[in-house]
Amino acid sequence: MYLNKSFAVLTITAITIIFTGCGAKGAYFDKFEQPADGNASIYIYRPTAFYGGGIRYNAILNDGEEERVIGLISNGSYLYTQVFANREIEIKTDTMAEGSIIIDTENQKIYCMKSAVAMSIMTAATIEQVDMETCKKEIINTQLHE
């Protein structure tokens with residue numbers, strides 16, 4: 001009996017550490033920042049999900065001149081960046097099966113990208129553009145990944 005109780009406590013502790021250690025830890029999303037003149041804002045968010053919750057990956061931005069890491073996307077997190085307007089921008093993930101999207105940015109426009117983990121033979125992260133209404137409903141429950 002004592003062994004079963006100890007095993008249950010140990011199992012619950014391990015599961016708690018695994019699932020709380022992999023999520024975002026920054027401030028919760030508050031509001032959309034208006035981009036500066038000549039720029040566009042890009043928000044990339046990943047809603048909290050149990051499936052694939054422990055998987056983290058980088059969001060990478062390519063504006064035709066340089067490729068740079070925007071930041072790490074973890075379960076329940078969001079990232080924010082400003083880019084030059086009037087450019088073709090590629091945003092991709094660095095999972096085994098790369099997900100990517102290309103957008104043409106416009107001056108002072110806000111773009112929302114939703115990311116999620118899709119697991120099959122290889123781990124993949126999907127990324128898709130969503131409308132502002134969907135974004136406003138879903139991004140509110142995410143935290144800035146620091």
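**Close-up 1. The surroundings of T93.** Setting aside neighbours within four places in sequence, T93 is in contact with Y57, N58, E98, G99, S115 and A125; contact here means heavy atoms within 4.5 Å. This is a predicted model, where local features need pLDDT of at least 70, side-chain atom pairs count only at pLDDT 80 or more, and totals for chains, interfaces and linings use all residues. Residues are numbered from 1 along each chain as its sequence is written, and side-chain values use heavy atoms, with hydrogens and water left out. T93 belongs to strand β5 (residues 88–93); strands are DSSP runs of E, at least two residues, and helices are runs of H or I, at least four residues, numbered from the N terminus. T93 counts as buried because its relative accessibility is 0% (buried is under 20% relative accessible area, exposed over 50%, partly exposed in between, with a 1.4 Å probe and protein chains only). Its side chain also reaches the backbone oxygen of A125, at 3.4 Å.

**Close-up 2. The open sheet.** Here you're looking at four strands in the order β3-β2-β5-β6, with antiparallel pairing; two strands pair if DSSP finds at least two bridges between them. At the edges sit β3 (67–73) and β6 (100–104), each pairing on one side only. From one strand to the next, the twist averages 20° (axes are lines fitted to C-alpha atoms, and angles run from 0 to 180 degrees between N-to-C directions).

**Close-up 3. Where β2 meets β3.** Strand β2 (residues 57–62) runs antiparallel to β3, and six bridges join the two. To get your bearings, find L61, which stands opposite R68 in β3.

**Close-up 4. Y43 and its ring partners.** The whole structure holds six aromatic pairs; rings of Phe, Tyr and Trp (its six-membered ring) pair if their centres lie within 6.5 Å, and planes under 30 degrees apart count as stacked, over 60 as edge-to-face and the rest as tilted. F32 and Y43 make an edge-to-face pair, 5.0 Å centre to centre with 85° between the planes. F32 lies in the loop between α1 (2–20) and β1 (39–46), while Y43 is in strand β1, 11 residues apart. Y43 also pairs with Y80, this time tilted, at 4.7 Å centre to centre and 40° between the planes. That pair connects strand β1 with strand β4 (residues 77–84), the two residues being 37 apart. Y43 is buried, at 2% relative accessible area, whereas Y80 is partly exposed, at 28%.

**Close-up 5. The aromatic cluster.** F29, F32, Y43, Y78 and Y80 form one cluster.

Terms used: A polar contact is a pair of N or O atoms within 3.5 Å; within protein, one must be able to donate a hydrogen and the other to accept it, and residues adjacent in sequence count only if both atoms are side-chain atoms.
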